[in-house]
Amino acid sequence: MDEFLPESIVKLRDLTRELTEAEISPRAAQVDKNACWPQHSMYTLADAGLLGLHVPKRFGGHEQGLLALAVIGETIANGCSSSALCYAMHCVGTAVITAKATPYHEDKYLKPIADNQHITTLALSELGTGAHFYVPQTKLQLQENEFIVNGKKQFVTNGNHANSYVISTVASSQKAEEGDFSCLMVDQGSEGIIWDEPWQGFGMRGNSSRAMQLNNVHVPTENLLGEEGDQIWYTFEVVAPYFLIAMAGTYIGLAQSALDIATNHIKNRHYSHSGETLADVPTLQYRLAEMHIALQKSRGLLYRAAYMGDIGDNQATKMILMAKADAADLAVNICNEAMTCCGGSAYRENSDLTRLLRDARAGHIMSPTTDLLKIWCGRLLLDLPLI
Ligand SMILES: Cc1cc2nc3c(=O)[nH]c(=O)nc-3n(C[C@H](O)[C@H](O)[C@H](O)COP(=O)(O)OP(=O)(O)OC[C@H]3O[C@@H](n4cnc5c(N)ncnc54)[C@H](O)[C@@H]3O)c2cc1C
């Protein structure tokens, strides 16, 4: 696909691939086994200057958009899905800050991110509203020149490891109605933040997801992103496209990893009674071809959707919704198929394919979930409003 990618993205991708192969992939099994935050991966990416992927060049960033996010996310996930998820959530948070940054946000967040000294992340989901991540119930109250925040966010990736958190709350105005909400920055270490125990996920075990209680947290009013009640704009214009493309890239990279394992196994598994390898078996040849076809189609859809998003094509939303729903389906299907091809050597505790299959299962339930994405996509195809 290199011929379709701008040189700047190919360069970033090659750098990421080098780091992934040397530093990130060798630690993936350990990250999963110990369910530990992939600090080494995040610091490696920071040292290589990759935290500012979406920060404007004038602040020292790469000023890249959705296509770069798809490609870089896919490349990291090819080595470690948890690391890709942690990096992805940082990138989505960065894109949200960048969208309407004030000089205060530029100095406090964007410059340190471009300087590779600051990790941010997205904390939207709440227990009460679950998959409906665009309906926060966390309260925001304006008191003199600061906001007081009360509520609880759950499943916060990079939980307790990021320097700042992009959160959503009900707008502070007394007249604010349900769905009228705001987006603001909460800094790590603010008094009143209490972290629940790390969530022991079935897969994506290194993402360090955990719930974040916000008990009377005082936040400067300057930390508000955009105007009060701007959140719908943020959710559908920034969070959704960046998050969906980041996740689609992650799950396609993960699928590629499973396919690589299967291809390698098929080539190298020898039968002593016949001298054949699995590569000589037509059923395996057929299965392998089917997996490759599916993956190439999904990658094509992802890159096209990301490119359309970057150029502001008016059909981009549909494509982006489809790309993430498709990538989640693909990752589960390819991991399942790869496991069938690899037989008993893969179907065991702690095999790489077992880990990938567990990681892949998060794709469907991460918001916007596959169910919601397909419903939204169907609605758009029928000229109905998204929600
Ligand atoms: C590994 C991982 C990392 C995460 N990281 C983050 C993060 O960094 N930040 C963050 O904010 N959140 C994060 N989340 C949360 C995630 O994005 C979802 O919001 C959350 O998992 C869904 O909430 P729930 O489990 O309560 O699902 P529920 O709301 O209980 O939904 C259960 C199922 O019902 C379906 N469903 C519900 N309502 C409808 C409907 N109206 N139509 C069709 N189907 C419906 C859903 O699609 C879903 O499949 C993470 C989740 C995971 C698994």
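How far apart are the centres of domain 2 and domain 3, taken over C-alpha atoms? Hold that thought for a second, everyone. This is a predicted model, where local features need pLDDT of at least 70, side-chain atom pairs count only at pLDDT 80 or more, and totals for chains, interfaces and linings use all residues. Residues are numbered from 1 along each chain as its sequence is written.

Okay, domains. The chain is assigned domain 1 (2–121), domain 2 (122–228) and domain 3 (232–381), with bounds from an automatic or database domain assignment. And the answer: 30 Å separate the centres of domain 2 and domain 3. Ten residues of domain 2 are in contact with ten residues of domain 3, contact being C-beta atoms, placed from the backbone, within 7 Å. On the domain 2 side, that's seven nonpolar, three polar and no charged residues. For those classes, Ala, Val, Leu, Ile, Met, Phe, Trp, Tyr, Cys and Pro are nonpolar, Asp, Glu, Lys and Arg are charged, and the others, Gly among them, are polar.

Now, helices. Here they're DSSP runs of H or I, at least four residues, numbered from the N terminus. Axes are lines fitted to C-alpha atoms over the stretch in contact, and angles run from 0 to 180 degrees between N-to-C directions.

Take α5 (residues 81–99) and α7 (residues 231–268): their axes come within 9 Å and cross at roughly 160°. That makes α5 roughly antiparallel to α7, the label for angles over 145 degrees. Who's touching whom? Among them are Leu-85 and Val-92 in α5, and Tyr-242 and Phe-243 in α7. By class, this contact has 16 nonpolar, three polar and no charged residues.

Next, α8 (residues 282–311) packs with α9 at about 160°, axes 9 Å apart. So α8 is roughly antiparallel to α9, and the crossing of α8 and α9 is left-handed. The residues involved include Arg-287 and Met-291 of α8, and Asp-326 and Glu-337 of α9. The class count is 17 nonpolar, three polar and four charged residues.

Last pair: α9 (residues 316–342) also packs with α12 (residues 370–381), at about 145° with axes 9 Å apart. α9 passes α12 in a left-handed crossing. Lys-318 and Asp-329 of α9 and Trp-376 of α12 are among the contact residues. Here we get nine nonpolar, two polar and four charged residues.

Definitions and conventions:
Helices (H or I, at least four residues) and strands (E, at least two) are DSSP runs, numbered from the N terminus. Angles under 35 degrees count as roughly parallel, over 145 as roughly antiparallel, 65 to 115 as roughly perpendicular and the rest as oblique. Two residues are in contact if their C-beta atoms, placed from the backbone, lie within 7 Å. A crossing is left-handed if the near helix is turned anticlockwise from the far one by less than a right angle, and right-handed if clockwise.
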